[in-house]
Amino acid sequence: IKKMAFMANVSKASPACIIPRVCRPCSRPPRQKKRPLAASSSSSSPSPPSMSFGVDLGTTNSAAALVTTDSGAMRILCAPNAHGRTTTPSVVSYLREDNQEEVSVLVGRDAQERANSDTRNTFRSIKRFLGRSMLDVIHGGMCSGDAEKVHELVPFQLNGSLDDKLGHINCTVACPALGRDLKCEEVSAEILAVLKRDVSKQAGCDVEQAVIAVPAYFDARQREATREACKLA
């Protein structure tokens, strides 16, 4: 039974693998080996394997890296950003120029430089509010249960419903430059999009898959919010 279970699992995991068998003496003549069919000229070449990159979406700084085996040995390559650094500040700033309809999005060091001059449209430490309701923020140790201290946490405006007794409504941030509230997932997606761009430039191709590290204390809602940010990116 154990042998059959092993054979079934191996065949499911890799249909092309060969399962060793114990041969018994037989009077039948051995079978002739079949010659492999010649590949036709019209057959397409196998597609290259998909690549994934690792992301540390941090509260203060974020980073991304690739694993390569080009030189025969496994190496980890940290993707540098536009400033040549391997860490990117987890800061996003939305900038609307005078008499212009479009809003520019700055991420990283460029956004960090606007943190003091445009506090309402510059968001940092957004990871702290991913997948959290206003009640989570007030009673989760950030405000010590005092709702009046919410505005002291960050310089931008954090919105949420105090009537949400079950904590099902996640916090949002007010963005005057856009004229609407932003989900924390949307802000985090801007950071992930920049990391994806840096990694794709390092790899020389468009990398679509990622593994994102999250703290062990993240609950299901916080993990789902991180996945949603990744999809938006």
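Trainee: How do you know that the axes of helix α5 and helix α6 cross, and at what angle?
Mentor: This is a predicted model, in which local features need pLDDT of at least 70 and side-chain atom pairs count only at pLDDT 80 or more, while totals for chains, interfaces and linings use all residues. Residues are numbered from 1 along each chain as its sequence is written, and side-chain values use heavy atoms, with hydrogens and water left out. The axes of α5 (residues 184-203) and α6 (residues 220-232) come within 8 Å and cross at roughly 55°. An axis is a line fitted to C-alpha atoms, for helices over the stretch in contact, and the angle runs from 0 to 180 degrees between N-to-C directions.

Trainee: Why are α5 and α6 called oblique to each other?
Mentor: Angles under 35 degrees count as roughly parallel, over 145 as roughly antiparallel and 65 to 115 as roughly perpendicular, with the rest oblique. The crossing is at roughly 55°, so α5 and α6 are oblique to each other. The crossing of α5 past α6 is also right-handed, a word used if the near helix is turned clockwise from the far one by less than a right angle.

Trainee: Which residues of α5 and α6 meet?
Mentor: Contact means heavy atoms within 4.5 Å. On the α5 side there are Glu185, Glu186, Ser188, Ala189 and Leu192, and they meet Ala225, Glu228, Ala229, Cys230 and Leu232 in α6. These residues divide into 6 nonpolar, 1 polar and 3 charged. Here Ala, Val, Leu, Ile, Met, Phe, Trp, Tyr, Cys and Pro count as nonpolar, Asp, Glu, Lys and Arg as charged, and the others, Gly among them, as polar.

Trainee: What makes Ser125 count as buried?
Mentor: Buried means under 20% relative accessible area, exposed over 50%, and partly exposed in between, with a 1.4 Å probe and protein chains only. Ser125 has 18% relative accessibility, so Ser125 counts as buried. Ser125 is in the loop between β7 (122-124) and α3 (134-139), and its phi is near 55°, a positive value in a residue other than glycine. Across the chain, buried residues make up 33% of the 233 residues.

Trainee: Why is Leu178 called partly exposed?
Mentor: Leu178 has 29% relative accessibility, so the label is partly exposed. Leu178 sits in the loop between β9 and β10 (180-183). Leaving aside neighbours within four places in sequence, Leu178 is in contact with Tyr94, Arg96 and Val103. The C-alpha atoms of Leu178 and Arg96 are separated by 8.1 Å, although the two are 82 residues apart along the chain.

Trainee: And what makes Leu106 partly exposed?
Mentor: Its relative accessible area is 22%, so Leu106 is partly exposed. Leu106 lies in strand β6 (residues 103-107). Not counting residues up to four places away in sequence, Leu106 touches Val91, Val92, Ser93, Ala111 and Arg114.

Trainee: Which residues touch the most other members of the largest nonpolar core?
Mentor: A nonpolar core is a set of buried Ala, Val, Leu, Ile, Met, Phe, Trp, Tyr and Cys residues joined through side-chain atoms within 4.5 Å. Of the 36 residues in the largest one, Val55, Tyr94, Phe123, Phe129, Leu158, Val173 and Val187 touch the most other members. With 7 residues, α5 gives the most to this core.

Trainee: How many helices and strands does the chain have?
Mentor: There are 6 helices and 11 strands. Both are DSSP runs numbered from the N terminus, with helices being H or I of at least four residues and strands being E of at least two.
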